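Please examine the sequence and the structure shown below.

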Amino acid sequence: MCDLRTLSRKEDRMSVVYVNRRANFEYEILERYEAGIVLTGTEVKSIRAGGVDFRDAFARLEDGNIELEGLYIPTYDKGSYNNHEPRRKRRLLLHRSEIQKLRKALVQKGLTLVPTKMYFKGQYVKVEVAVARGKKLHDKRRAEAEKTMKRELREL
């Protein structure tokens with residue numbers, strides 16, 4: 001039986017900060033992973049304030065670690081001289097077995113790691129990364145046509 005007190009605890013709540021909707025349009029998502037991210041204090045405060053941009057973000061495997069590059073986290077307004085660099089590399093925290101699976105998947109031609117979502121899980125910031133394959137132009141058109149057809153059917 002579910003205890004109602006555990007559902008309302010702050011640690012169990014998830015608040016989504018940013019969803020990369022463009023990733024679903026540009027890529028065919030094959031597999032998703034939840035990863036922690038190494039941040040500084042001003043970055044966490046800035047994420048809570050909003051303004052995160054995934055537009056140019058991608059993940060890559062470097063020296064046995066997954067690094068997130070191109071993620072824009074604006075500088076914190078009330079930060080001091082210890083403020084962070086907005087577009088620095090950030091390390092993603094995954095289990096060793098997950099990193100091995102990702103390494104095997106990325107060896108295949110045409111596959112890449114794309115961040116799809118950033119959210120708070122309790123007090124921790126999590127990033128959902130996906131193994132994805134880039135869509136061709138005709139695939140994008142077909143997906144757009146299917147979406148339009150579903151919308152029209154709903155309206156009737």
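What percentage of the 156 residues of the protein count as buried? The share is 31%, where buried means under 20% relative accessible area, exposed means over 50%, and partly exposed lies in between (1.4 Å probe, protein chains only). The model is predicted, so local features need pLDDT of at least 70 and side-chain atom pairs count only at pLDDT 80 or more, while totals for chains, interfaces and linings use all residues. Residues are numbered from 1 along each chain as its sequence is written, and side-chain values use heavy atoms, with hydrogens and water left out.

**Fold**

- The protein has 5 helices and 7 strands; these are DSSP runs numbered from the N terminus, with helices (H or I) of at least four residues and strands (E) of at least two.
- Read from the N terminus, the order of the elements is α-β-α-β-α-β-β-β-α-β-β-α.

**Salt bridges**

- The count of salt bridges is 11, each being a side-chain nitrogen of Lys or Arg within 4 Å of a carboxyl oxygen of Asp or Glu.
- Arg22 and Glu26 form a salt bridge with an N to O distance of 3.1 Å. Because they are 4 residues apart in helix H2, about one helical turn separates them.
- Arg22 is exposed because its relative accessible area is 52%, whereas Glu26 counts as partly exposed at 24%.
- Arg88 and Glu43 also meet through their side chains, at 2.8 Å from N to O. This pair links distant parts of the chain, 45 residues apart: Arg88 is in the loop between strand E4 (65–69) and strand E5 (90–93), and Glu43 is in helix H3 (residues 41–49).
- Glu43 counts as buried because its relative accessibility is 0%, while Arg88 is partly exposed at 25%.
- Asp53 and Arg55 form a salt bridge in which the closest N and O atoms are 3.6 Å apart. Asp53 is buried, with a relative accessible area of 15%, and Arg55 is exposed, at 67%.
- A network of salt bridges links Arg60, Glu62, Glu69 and Lys89.

**Largest pocket**

- The largest pocket holds about 280 Å³ of space. On a 1 Å grid over the protein atoms alone, a pocket is an open set of points with protein on both sides within 12 Å along at least five of seven lines, whereas in a cavity a 1.4 Å probe fits but cannot get out. Grid points are joined across faces, edges and corners, and the volume is the space filled by probe spheres set on the points.
- There are 16 lining residues, and those closest to the centre of the pocket are Asn20, Arg22, Ala23, Phe54 and Arg55; a lining residue has an atom within 4 Å of a point.
- Strand E1 (14–19), helix H2 (21–26) and strand E6 (111–121) each give two or more residues to this lining. Helix H2 gives the most, with 4 residues.
- The lining has 9 nonpolar, 2 polar and 5 charged residues. Nonpolar covers Ala, Val, Leu, Ile, Met, Phe, Trp, Tyr, Cys and Pro; charged covers Asp, Glu, Lys and Arg; the others, Gly among them, are polar.

**Surface patch**

- Met149, Leu153 and Leu156 make up a nonpolar surface patch with about 410 Å² of accessible area together. Accessible areas come from the Shrake-Rupley method with a 1.4 Å probe, and for residues only the protein chains shown count as cover.
- Patch residues have over 30% relative accessible area and no salt bridge; nonpolar side chains (Val, Leu, Ile, Met, Phe, Trp, Tyr) are joined within 5 Å, and like charges within 9 Å.
- Met149 belongs to helix H5 (residues 137–155) and counts as exposed because its relative accessibility is 55%.
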